[in-house]
Amino acid sequence: MGLDGAWAIAWMRGSAAVVAEHRVELITLDRDIGDGDHGENLDRGFSAILPKLDEQPADATPADILKLAATTLISTVGGASGPLYGTALLKASIAVAGQEDLDADAVVALLTAARDGIVLRGKAEVGDKTMIDAWTPAVDAASSAAAGGESPARVLAAAADAAWGGAAATEPLVARKGRASYLGERAVGHRDPGAQSTSYLLQAAAAAAGE
Ligand code: ADP
Ligand code: MG
Ligand code: MG
């Protein structure tokens, strides 16, 4: 079975919950190598999405929900992560426009478009110690899972697992983008907050699909 508008709503609700749950952790990670507001920024953004989800019509598509979330994040989250996640969800929305039920390939298209949107906006490459270090392994794992015939839910679970590994792998890196890049070697030994939040958002996507 494919993933519908109710899944997208559950993903956004789950994202709000997981961001609230890990707010302090994300703040602490960002305090170590940034300005300490990442958890607060995302909590504000996803909290603003919640009341809007209640007003969505029953026939809302995944694309409708992703677009709503994107515009809300762009307008409420200050900092680098608002425009980056906002662009990600906007591009994801465009990639699955008009589809009521997303199959495994559509999920891969959604994740790929999200990642490409972040790259378009932020120009980061893998190894720059940013959220891209979580997104790109997630896209690759999702793509392999879909090629192997896995369900949309399993594709998302593969993406979330790979994102977690990618976030952990940012720890030894020197940052080349964002505020952490001002620290040089002092960023070594710290996990990138945006890569960590990406793994939580993808966990929420998989959980919403039943994984
Ligand atoms: P700010 O740095 O403006 O305070 P946040 O703290 O909300 O914004 O987000 C910081 C995160 O944004 C970083 O941990 C990193 O993952 C991500 N980030 C910053 N710049 C870029 C970029 N150019 N490309 C991709 N991700 C980036
Ligand atoms: Mg910050
Ligand atoms: Mg900031």
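Helices H6 and H8 pack with their axes 8 Å apart and at an angle of about 35°, where axes are lines fitted to C-alpha atoms, for helices over the stretch in contact, and angles run from 0 to 180 degrees between N-to-C directions. This is a predicted model, in which local features need pLDDT of at least 70 and side-chain atom pairs count only at pLDDT 80 or more, while totals for chains, interfaces and linings use all residues. Residues are numbered from 1 along each chain as its sequence is written, and chains are lettered from A and ligands numbered from 1 in the order in which they are written. Helices (H or I, at least four residues) are DSSP runs, numbered from the N terminus.

**H6 with H8**

- The crossing of H6 and H8 is right-handed; a crossing is left-handed if the near helix is turned anticlockwise from the far one by less than a right angle, and right-handed if clockwise.
- Ala 104, Val 107, Val 108 and Leu 111 of H6 make the contact with Pro 152, Val 155, Leu 156 and Ala 159 of H8, and two residues are in contact if their C-beta atoms, placed from the backbone, lie within 7 Å.
- By class, this contact of H6 with H8 has eight nonpolar, no polar and no charged residues, where Ala, Val, Leu, Ile, Met, Phe, Trp, Tyr, Cys and Pro count as nonpolar, Asp, Glu, Lys and Arg as charged, and the others, Gly among them, as polar.

**H5 with H6**

- The axes of H5 and H6 come within 7 Å and cross at roughly 140°, and the two helices are therefore oblique to each other (angles under 35 degrees count as roughly parallel, over 145 as roughly antiparallel, 65 to 115 as roughly perpendicular and the rest as oblique).
- H5 passes H6 in a right-handed crossing, and the residues of their contact divide into 13 nonpolar, three polar and three charged.

**H8 with H9**

- The axes of H8 (residues 152–168) and H9 come within 8 Å and cross at roughly 165°, which makes H8 roughly antiparallel to H9.
- This crossing of H8 and H9 is left-handed, and the residues of the contact comprise 12 nonpolar, five polar and no charged.

**Ligand 1**

- Ligand 1 is surrounded by 24 residues, of which the closest are Gly 79, Ser 81, Gly 122, Gly 178 and Gly 194; a residue is near a molecule if its C-beta atom, placed from the backbone, lies within 6 Å of it.
- At least two residues of this shell come from each of H3 (38–53), H5 (81–95), H6 (104–122) and H9 (193–208), and H9 gives the most, with three residues.
- The shell around ligand 1 has eight nonpolar, nine polar and seven charged residues.
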